[in-house]
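The stops below follow charged side-chain pairs.

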Amino acid sequence: MATEDEIIFELLPLIRIYKSGRVERYQDNETVPASVDPATGVSSKDVVIAADTGVSARLYVPGLGSDSQRRIPVLVYYHGGAFCIGNPFMPIFHNYLNSLVARAHVVAVSINYRLAPEHPIPAAYDDSWKALRWVASHANGGPGPDRWLADHADFDRLFLAGDSAGANIAHHMAMRAGAEGLERGVGVHGVVLVHPYFLGSEPVESAAINQEMTAGLERFWELACPTAAAGVDDPMINPLADGAPSLAGMGRKRVLVCVAVEDVLRTGEGLTATG
């Protein structure tokens, strides 16, 4: 007989979900504080964007030295984790942003959005859009409160990026920005999608690389968006599905898509992603 302690989903060592709704995330509690990174000279700090929902971000700025008065590009980053795990404060994301900011010489904003299944889709998209608008509110002498963005960000060079579910989010935020516009006339200059989390019912060759992983990613989507009547052909997870926003909404913006040979979500010969 099923009990409230029945496990309905698990992917160890990452996550376990119980019928009662209790969720155990085994690596999300391993976090590192904001700091000055001794290896790169990058400084970071944490900010609250929306106290009512808990949306927050970790900001990064490189060591500017004599360039302290020069404005540099701004990168908004969305972490991965199939919409169900992860946060910007984990070592894997914190260390990656330190190295990225140092090498690309950008101001970065790593977004902490709410996770499913406690907060199903569209919570992650709503939070991410609110965060992107908050970033844009600092442009052109706007009312945004953060001095790192107000003093150092060049909003004519705003980029979005993310990995896995974060890449999915970055894609949709770019599409929404194109359709609705952002605060103070800010536009998205380019998007970087790393191993984007896109699915669809039409089989792709790469799904056979690891069928268990492919099934797990489909199950993650069911957990993240239980109301998706079209399942993996919902426009939020399948950007080629009926009802998905036209890619023409991106205009002539630059898009970089990165996939790996062993990525089950790649297609063809590994040169493009499924979306």
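**A tour of the salt bridges**

Across the whole structure, a search finds 12 salt bridges, each being a side-chain nitrogen of Lys or Arg within 4 Å of a carboxyl oxygen of Asp or Glu. This is a predicted model, in which local features need pLDDT of at least 70 and side-chain atom pairs count only at pLDDT 80 or more, while totals for chains, interfaces and linings use all residues. Residues are numbered from 1 along each chain as its sequence is written, and side-chain values use heavy atoms, with hydrogens and water left out.

Select Lys45 and Asp146 to begin: they form a salt bridge whose closest N and O atoms are 2.8 Å apart. Lys45 lies in strand E4 (residues 43-50) and Asp146 in the loop between helix H2 (123-136) and helix H3 (147-152), so the pair ties together parts 101 residues apart in sequence. Helices (H or I, at least four residues) and strands (E, at least two) are DSSP runs, numbered from the N terminus. Lys45 is partly exposed at 25% relative accessibility, whereas Asp146 is buried at 5%; buried means under 20% relative accessible area, exposed over 50%, and partly exposed in between (1.4 Å probe, protein chains only).

Next, select Asp46 and Arg58, where the closest N and O atoms of the salt bridge are 2.6 Å apart. Asp46 is in strand E4 and Arg58 in strand E5 (residues 55-61), 12 residues apart.

Finally, move to Arg176 and Glu180, which meet in a salt bridge (3.1 Å, N to O). They are four residues apart in helix H4 (residues 165-180), so about one helical turn separates them.
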